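Please look over the structure below with the briefing that follows.

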Amino acid sequence: MPAGPAAKAHHCRYSLATRGPLLLALATGSAHSQSMSGDGSAADAWFLLTVLGLVFAGVLLLWLNDRRRARREIESRTALLRRQKQQLDLILSTSGDVVWELDIKTGVLHRQGIQRITGDSAPNDVALAKWRTEMVHPDDVERLRRLVERHVNGETENFESEHRIRGADQEWIWVRARGRVTDRDASGKPSKLGGTTRDIGELRRAERETRVAYEVFRSMSEAVSVIDLDFNFVAVNPAFSRITGYNDEEVIGLAANLLDSSQHSGEFYQRVRGILVRSGHWSGEMWQRRKDGGEFLSWIELSEVTDTHQERTHFVAVVNDITQKKRAEQELRYLANYDTLTGLPNRSLLSERLSRAIIRARRQESHVAVLFIDLDHFKDINDSLGHAAGDRLLKSAAARLQASVGPTDTVARLGGDEFTIIVEDIDGVAAVERLAREMLGAFSTALEVDDRHTVSITPSIGISLYPDHAMVPTDLLKFADTAMYQAKSKGRNTFEIYDEAMDAESRRRATMLAALRRALALNEFRLVFQPRLSLRTNRIVGVEALLRWRSAELGEIGPTQFIPLAEESGLILSIGEWVLREACLTLRQWQDAGLTDIACSVNVSALQLLRAPLAEQLKAILAETGIAPSRVELEVTESMVMQNAEQALSVLHQLRQVGVRVAIDDFGTGYSSLVYLKRLPIDTLKIDKEFIGDLTDDPDDKAITATIITMAHSLALHVVAEGVETEAQLGYLRGQGCDEIQGYWLSPPLEPTRCLSFIRDRQDSTRFSAPTA
């Protein structure tokens, strides 16, 4: 097909440009030929030359124009390449990437921009072998070699490696290199590799931090959830599933109000979310609902999450189930304010309520009564029946006290067997006395210990009044306590209202107790011995060891004053052990002095009998002093044994196994059961001096004494009469067959050396006569 005009012009232009010199030569040759012929028109010749010249000039102009256009195109392309290179350099410099090329044939690694990673001194070109040995971490060389080899062998489409290279300060820098084969030789084998290298130290640290954060997120014991700005779940951790029952697949994409609880109103949740949106944070307690419908109390922390531009992107909720913690706090609060055994307020809550009661009474100008109550002989009952029975007894006593007062009054347990009652708005002394009598009456019937046992117990009550006696809680409690001890000193099972005179007695008791605690260490105790006479042989056969105390601070103090205090405070345990050892040491001294047939009786308290390891103590003391067990007799009171019969029976059997003798002291003043008396492993009955004092004047005392002697002998028991002071008393007892007597008729209690002399004098005497001592 014929070409178009433009195509023809283009073809002509390039044809002329290439053939112009040839046409010029032809034209010149033609003109020369015509002139040689001699004929032809000169005008024709010059016309032809002119035409040919013009054609040649046009072709030349076209050729020059094409050359100029080509040059401009080359310059434009060069400029474009320069700009592209500048842009590439800019991109590489801002990205931090290094461009590298490895010439496999020469083993030279060329790197552009390596200074950005390893420092300005790093060369662009480096031998591959040197680079491997000096600049790559030894642990990464082999792995890097294998990766390059696999790619060169065509096993991988691209080459990629993360390894460490040496930095300017000799530190190791993690980099990521990526590349591929860029050139092959004539045989098709790779000849060059090219690619980029990037410093990924920060990236690896960020990835490590991300992994750590993720593991923390997964391992947190708190339920953590990520919520978008529309309050829909984006992510939850395993603890969320454990606490709420929802796994991540069940909640992601759902609204967070899925967990809203009926414990709060809708307005509450709207208010919380409003605060979160405004401030970016909210924390507090919130009830939440589990998948199974159960509800739990949580402590929740809601916080916003922002991007690098501080634009909010999400919220994070950290939920801690505090249901058990709150329950424990409530239990601790209960324990801090209430007695766990009886459920009554304890000392702490009592003080708080008493303070409030005083404030109200001050405003209303009314009275407040404080009643301090102690159960009489509770320790003995507790020891005899066991602590479990003692606890049930305390519960019964607490219930009886609560039933004795009004609903607005406070009954508190201070500890042990001590209770305190606060009565508000009471009408003075007469009203509180009526209340105290009602309480005493409430304990007139026995308390139930269990379904089969009841125990009779009485209270001693001390009373103080606001504002009559004190204005502050501590003084009211102290004064009521003082009055309670006064009630105990008057025989128990009664009440006393505080007066100032009691303070002196209270201070005296406190002073005596303080001195008593120091008495053993200061060696203030001593023993005196009262001889016992056998009515059959008229010889001294034994003594009774009696404790005396001469305080350096208080002077001589009678046993009736300090022994009850020692029993109440528990000091009697250490004092009683001292008495046993001292009595045996005295026997040993007498034995060394030739007095080998004298026995010694020692009084034992209830605490020693029921709490101390009495049998073990005796074994050790007897072994230490070398005294035969048969020369020691322990005296226990009738009431002590009968109130704690079963436990006392067990201890007495242990004492008999040791080999000592046992005597019942003050017999006839208690309520002995003959059945129990027969069961007891005892050797001696001691008739109380109350029966001996009026023996010659009171027929009843005569009958009781005669009966005791007869009964004791029928049980094969030895009988000792205490408090014998006259010949008439002695004669009656001798006539009834009493075995031994002791008392001032024979001798008062004597110091050890005087007692030894007295016994020797009696042994030397050949006939019985009244002593002059």
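Asp 260 counts as buried, because its relative accessibility is 15% (buried is under 20% relative accessible area, exposed over 50%, partly exposed in between, with a 1.4 Å probe and protein chains only). This is a predicted model, in which local features need pLDDT of at least 70 and side-chain atom pairs count only at pLDDT 80 or more, while totals for chains, interfaces and linings use all residues. Residues are numbered from 1 along each chain as its sequence is written, and side-chain values use heavy atoms, with hydrogens and water left out.

**Salt bridges**

- A search of the whole structure finds 40 salt bridges (a side-chain nitrogen of Lys or Arg within 4 Å of a carboxyl oxygen of Asp or Glu).
- Asp 260 forms a salt bridge with Arg 273, at 3.3 Å from N to O. This pair links distant parts of the chain, 13 residues apart: Asp 260 lies in the loop between helix 8 (248-251) and helix 9 (266-279), and Arg 273 lies in helix 9. Helices here are DSSP runs of H or I with at least four residues and strands are runs of E with at least two, numbered from the N terminus.
- Arg 273 has a relative accessibility of 23% and so counts as partly exposed.
- Arg 164 and Asp 140 join their side chains in a salt bridge of 2.9 Å, N to O. Arg 164 is in strand 4 (residues 159-166) and Asp 140 in helix 5 (residues 138-152), so the pair links distant parts of the chain, 24 residues apart. Both Arg 164 and Asp 140 are buried.
- Arg 178 and Glu 160 meet in a salt bridge of 3.4 Å, N to O. Arg 178 sits in strand 5 (residues 172-184) and Glu 160 in strand 4, 18 residues apart, and the pair links distant parts of the chain.
- Arg 178 is partly exposed at 44% relative accessibility, and Glu 160 is partly exposed at 42%.
- A network of salt bridges links Glu 160, Glu 162, Arg 176, Arg 178 and Arg 204.

**Helix 16 and helix 17**

- Helix 16 (residues 501-519) packs with helix 17 (residues 559-569) at an angle of about 75°, and their axes are 10 Å apart. Axes are lines fitted to C-alpha atoms, for helices over the stretch in contact, and angles run from 0 to 180 degrees between N-to-C directions.
- The two helices are therefore roughly perpendicular (65 to 115 degrees; under 35 is roughly parallel, over 145 roughly antiparallel and the rest oblique).
- On the helix 16 side, the contact residues include Met 512, Leu 513 and Leu 516, and on the helix 17 side they include Phe 562, Leu 565 and Ala 566. Contact means heavy atoms within 4.5 Å.

**Arg 548**

- Arg 548 is located in strand 20 (residues 540-551).

**His 469**

- His 469 is in the loop between strand 17 (459-466) and helix 15 (473-489).
- His 469 has a relative accessible area of 22% and is partly exposed.
- Leaving aside neighbours within four places in sequence, His 469 is in contact with Ser 464, Phe 479, Ile 497 and Tyr 498.
- From C-alpha to C-alpha, His 469 and Glu 524 are 38 Å apart in space, and they are 55 residues apart in sequence.
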